[in-house]
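Opening the notebook on this one.

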Protein chains: 2
Amino acid sequence: MLISQPLSWALPLHPLVVSAHDKESAETLLGAAEFVVIFLAARLLAEVLVRLSLPTLIGELVAGVIIGASGLHLVLPPEIQTNISTNLLHLVSGLSSVPKEMVDEIYAETSVKLASFSQVGLYALLFLTGLESDLKQLLKVGVRALSVATVGVVLPFAGGTLGLIYLFGVDVIPAIFAGAAMTATSIGITAKVFGELKYLKTSEGQTVIGAAVLDDIMGIVILAVVAKLATGGSLAAAPIVKLLAAAVVFVAISLFLSRTAAPWFDRLVDALEAPGEKIVCGFIVLALGCFVATAIGLEAVLGAFAAGLVLSNSKHVHELTALTEPIVALFATLFFVMIGTGFDFSVINPLNPDNRGGLVMAGFLLVVAILGKVATGWAYWDKEKTNRLAVGLGMMPRGEVGLVFLALGGSTHVLSNNLEAAILLMVIGTTFLAPLLLRLVLPGTGGDDPELVSAASS
Amino acid sequence: MLISQPLSWALPLHPLVVSAHDKESAETLLGAAEFVVIFLAARLLAEVLVRLSLPTLIGELVAGVIIGASGLHLVLPPEIQTNISTNLLHLVSGLSSVPKEMVDEIYAETSVKLASFSQVGLYALLFLTGLESDLKQLLKVGVRALSVATVGVVLPFAGGTLGLIYLFGVDVIPAIFAGAAMTATSIGITAKVFGELKYLKTSEGQTVIGAAVLDDIMGIVILAVVAKLATGGSLAAAPIVKLLAAAVVFVAISLFLSRTAAPWFDRLVDALEAPGEKIVCGFIVLALGCFVATAIGLEAVLGAFAAGLVLSNSKHVHELTALTEPIVALFATLFFVMIGTGFDFSVINPLNPDNRGGLVMAGFLLVVAILGKVATGWAYWDKEKTNRLAVGLGMMPRGEVGLVFLALGGSTHVLSNNLEAAILLMVIGTTFLAPLLLRLVLPGTGGDDPELVSAASS
């Protein structure tokens, strides 16, 4: 990735002899400064959005855009070929007595490390999503949730993919990728709004929560297949069927293991005496899930999610969730901010005529993403009166799951800058609009109960 | 560090074209496999040691030795120039369709990432050590704890350093480093044994706990100075005095801030509404501590510890501790295991005559380390009958703090292999013997109370 860097080390670029200790100081200073910048910016914007009753996730993305490649150049992802802020460079160079050119090189290393921390955040986030999937509750609303989820996967996927191919002339594989990114449903944002408006225990609320879990499962299966297609480049039927079968079998085995293996896990954890047994055993299962998924040719994120699903049936699930949360709070925030830092804001500048095609595409994806999910409200039969619009809007936010899709798409390099920006705008748009529209549509208490609101936001 | 690696990428070493996705798969497989190996081995040995009523830390070190450079070659630290196990190579190469030579290169990257995760573990561990320092309790046993701590720092430091210089002909700087590593006291191990034997609330128990906190402070100050000396190589009086003054002022300001700034921290945290506020703010303080310490020329670990000290007075300290613990359980375990993986077992093989000098040196350090701390029991005046031997033995285990010193010494490359092994054996020896001897000396309940034992070990 950084081919030029060790070469420049070998060449006499640095007339000053820099001690290993000074270099290490510069690394520590840069790492600590980046950490502070990332978390201060993310926190500041998350606090603003919480006060507007909007999802904090959007704040973390915007924080990344502000400090990143389209903004202050304080934090840059490793794949971006641009220079960090000269202010930061001067500060670190001055404090560590390391020449400025070398700080640039050290920054490249720091950036790779940040990316690997954000990768751990991604796995921890999907593990947590799996842990929080209530499979027993899902069975109760089974058929209805299944039809809502299926419609919510099929309509956006078909509409997005076909529209991009036939209306915008996008290649098949990037179009499929974009379509797949539109299938996600973020349970967290809807659950929070439903909780605030005391709507979580209604039949509509339970349907949406169940369908969102199923959507996660279907979406991650599609993702695992699409990511492989995107890198393999082949659209032959045989490998697609093989991958799809592998992904379905993998998830089916995880669901089976959540009934059979979770009790073994509990007995094992109960028998252990050295401290830290729950989080360590949980993360061993997480690492095994990533290993097995990768070994059979699927994406590691599917393995992380499946590991969470298996343990969602453990009697220690609440402790595991609580122990995983601080890791997600730190490292998944890093993941979201890093997505923002890599975002090229210039491709959505409407004043540049070259961008207008991309913006029209983003608008198209947003409309399909909204309509495709709102339609799910009419995907089931009910003899009682049911608030179909609330169900549809509840399925709308793509949230963090949509971002995971986007990040994996970005790493395969099949998405053009325009399409990447369009997907990000679609994710942000649906995530932003869902809570606003839900509050308009739901005849709730208006979120005046401070206890419930604070419980939902913690 | 890995100058040859990107060069070999540029040269046509790989006739097969390896896709980015296959390379990524190989990275994920290696990373996940290493994680599983490290945590399974650490857990297995920690469970054995817990059942023998011995510190789990030793189990984690031994696990590292077994899977590392002196054992199975499954996990190797980045600085070790040797090949990983061919079994692991074959497994990953087979599963990812990446040629074996490239797996070796990918391993080198994985290893650097593991090292940076273990670095975060080190900072989190010292932050936690700071958080758990009960400064109010310390004031109550102030004078007595101060004399115990001072003797426990001066005797091992002077004895170790002078002995190494005059008896073993070791150079001044490595001798000072080894002496500094002997000043540490691990509060965790003693607190656990005292807890089991219902000895924690006695005057002796409180003295030891207080003195151990002071020892940590003094030891880390010495470390911050010594590490700088080790890399600077100068023994002039002026820079030493300057560094010592900087370290003392830094710690004094931290202690002052723990009274004045902790309430601000609490007000800030209380005002925040987005989730994850406590751990994120705690880690921002941690990163700031590392930044400031490094910026004024001290070690980042001192900053991490000072950040913990500042927040030890927060009303949220218990939640912060609980939120930091899973991070320490994962990443600090990684740190300890990685120390074990880099250990060169061959230098302590007594069958090799070249090693006997090193082993005699290790024996000398161990004896000085034991006597220097046991003597602390007689360092204070008390009109009541007091169990001086229990106090002395309680101060004995070096534990994780000793290892932090060793790891920093290793990273400066001033320690010979022999001396590094001797320090490690001293740390293991004192950590191992302290609980055994304490149980012999203390007239406790014999640890039969299962509730107390489980409370102390969790």
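Predicted model: local features only at pLDDT ≥ 70, side-chain atom pairs only at ≥ 80, totals over all residues.

**Between the chains**

I started with the contact, which takes 57 residues from chain A and 57 residues from chain B.

Next I looked up the area. Chain A and chain B bury about 5300 Å² between them, and carbon and sulfur atoms give 75% of that. Which residues of chain A lose the most area to chain B? They are A:His21, A:Arg43 and A:Phe291, together 13% of what that side buries.

I get two salt bridges between chain A and chain B. For the whole model, over all chains, the count comes to 20 salt bridges.

**A pair inside chain A**

I also checked a salt bridge within chain A, the one A:Lys23 forms with A:Glu27. Here the closest N and O atoms are 3.5 Å apart. Where do A:Lys23 and A:Glu27 lie? I find both in helix 2 (residues 20-51) of chain A. They sit four residues apart, about one turn of the helix.

**Domains of chain A**

I have chain A divided into domain 1 (14-116) and domain 2 (125-335 + 346-457), so written with domain 2 in two segments. Between the centres of the two domains, taken over C-alpha atoms, I read 30 Å.

How many residues of domain 1 of chain A are in contact with domain 2 of chain A? Twelve, and they meet 15 residues of domain 2. The area buried between these domains is about 1300 Å², with 81% of it from carbon and sulfur atoms. I looked for salt bridges between domain 1 and domain 2 of chain A too, and the count is zero.

**A helix pair in chain B**

Last stop was helix 8 (residues 172-181) and helix 18 (residues 417-441), both of chain B. Their axes come within 10 Å and cross at roughly 10°. Because of that angle, I put helix 8 of chain B down as roughly parallel to helix 18 of chain B; the cut-off is under 35 degrees.

Who makes the contact? From helix 8 I listed B:Pro174, B:Ala178 and B:Ala181. From helix 18 I listed B:Leu419, B:Ile423 and B:Met426. Sorted by class, this helix contact has six nonpolar residues, no polar and no charged ones.

Definitions and conventions
Residues numbered from 1 in each chain as written. Chains lettered and ligands numbered in written order. Heavy atoms only, no water. Axes fitted to C-alpha atoms, helices over the stretch in contact; angles between N-to-C directions. Helix = DSSP H or I, 4+ residues; strand = E, 2+ residues; numbered from the N terminus. Parallel < 35°, antiparallel > 145°, perpendicular 65-115°, else oblique. Contact = heavy atoms within 4.5 Å. Nonpolar A, V, L, I, M, F, W, Y, C, P; charged D, E, K, R; others polar. Buried area = accessible area lost by both parts, 1.4 Å probe. Salt bridge = Lys/Arg side-chain N within 4 Å of Asp/Glu carboxyl O.
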